[in-house]
Amino acid sequence: AQIQEEIARLQAGQFLTPQQAEAVQAERIFAFFQSQVGRAMKASHELHREAKFSLLSPAEDYHGPELAGERVLLQGVIDCWFVEDETITVVDFKTDRVTETSVEQRAEEYRPQVGAYSRAIERMTGRRVGKRILWFFALNRAYLIEPKEN
């Protein structure tokens with residue numbers, strides 16, 4: 001009921017068109033908040049949603065060694081990050097139409113994006129990001145992105 005009320009509020013405030021509001025699958029949002037990740041997010045003493053960032057980074061991190069010494073400006077919006085037991089968790093919500101057989105490949109495609117979000121949060125806060133999570137609404141489940149070893 002609360003999800004339906006929020007959808008109605010967003011439509012009334014013209015944040016959603018009637019067509020967008022109709023397309024929202026409230027049961028998928030409900031499933032998220034019933035999950036371990038959703039419950040941890042709700043219980044957090046520090047929660048950030050739609051967090052904007054700008055970050056100067058070495059270009060070679062994104063485009064290879066041929067751009068060594070160059071820098072790129074990354075700008076974006078992080079869907080959600082929160083603190084749980086002094087550990088920062090980044091959550092990126094995905095609406096891709098994935099299956100159990102395609103989710104791992106798709107998640108790997110998002111690795112650079114979640115890595116950039118983590119670096120931005122670490123620079124902004126001076127604290128380390130401990131968990132990087134993609135939430136795939138199509139599967140109603142989380143996918144943990146483990147950092148790659150250098």
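Glu84 is partly exposed, with a relative accessible area of 27%; partly exposed means between buried (under 20%) and exposed (over 50%), using a 1.4 Å probe and protein chains only. The model is predicted: local features need pLDDT of at least 70, side-chain atom pairs count only at pLDDT 80 or more, and totals for chains, interfaces and linings use all residues. Residues are numbered from 1 along each chain as its sequence is written, and side-chain values use heavy atoms, without hydrogens and water.

**Salt bridges**

- The whole structure holds eight salt bridges, each a side-chain nitrogen of Lys or Arg within 4 Å of a carboxyl oxygen of Asp or Glu.
- Glu84 pairs with Lys131 at 3.5 Å, N to O. Glu84 sits in strand β2 and Lys131 in strand β4, 47 residues apart. Strands (E, at least two residues) and helices (H or I, at least four) are DSSP runs, numbered from the N terminus.
- Lys131 is partly exposed, at 35% relative accessibility.
- Arg141 and Glu100 form another salt bridge, at 3.1 Å, N to O. Arg141 is in strand β5 and Glu100 in the loop between β3 and α6, so the pair ties together parts 41 residues apart in sequence.
- Glu100 is exposed at 51%; Arg141 is partly exposed at 26%.
- Glu46 bridges to Arg127, with the closest N and O atoms 3.0 Å apart. Glu46 belongs to strand β1 and Arg127 to the loop between α6 (103–125) and β4, so this pair joins parts 81 residues apart in sequence.
- A network of salt bridges links Asp96, Arg106 and Glu109.

**Arg132**

- Arg132 lies in strand β4. This residue is buried yet has no salt bridge.
- The nearest side chain of opposite charge is Glu122, 4.1 Å away. For charge, Lys and Arg count as positive and Asp and Glu as negative; His and the chain ends are not counted.

**Helix α4**

- Helix α4 (residues 36–43) has the buried residues Val37, Gly38, Ala40 and Met41. Seen down the axis, they fall within an arc of 160 degrees, so they line one face of the helix.
- The face turned away from the buried side carries the exposed residues Gln36, Lys42 and Ala43.
- The buried residues of α4 pack against elements including α3 (26–34), β1 (46–58) and β2 (71–84).

Technical notes
Arc of directions from axis to C-beta. Contact = heavy atoms within 4.5 Å.
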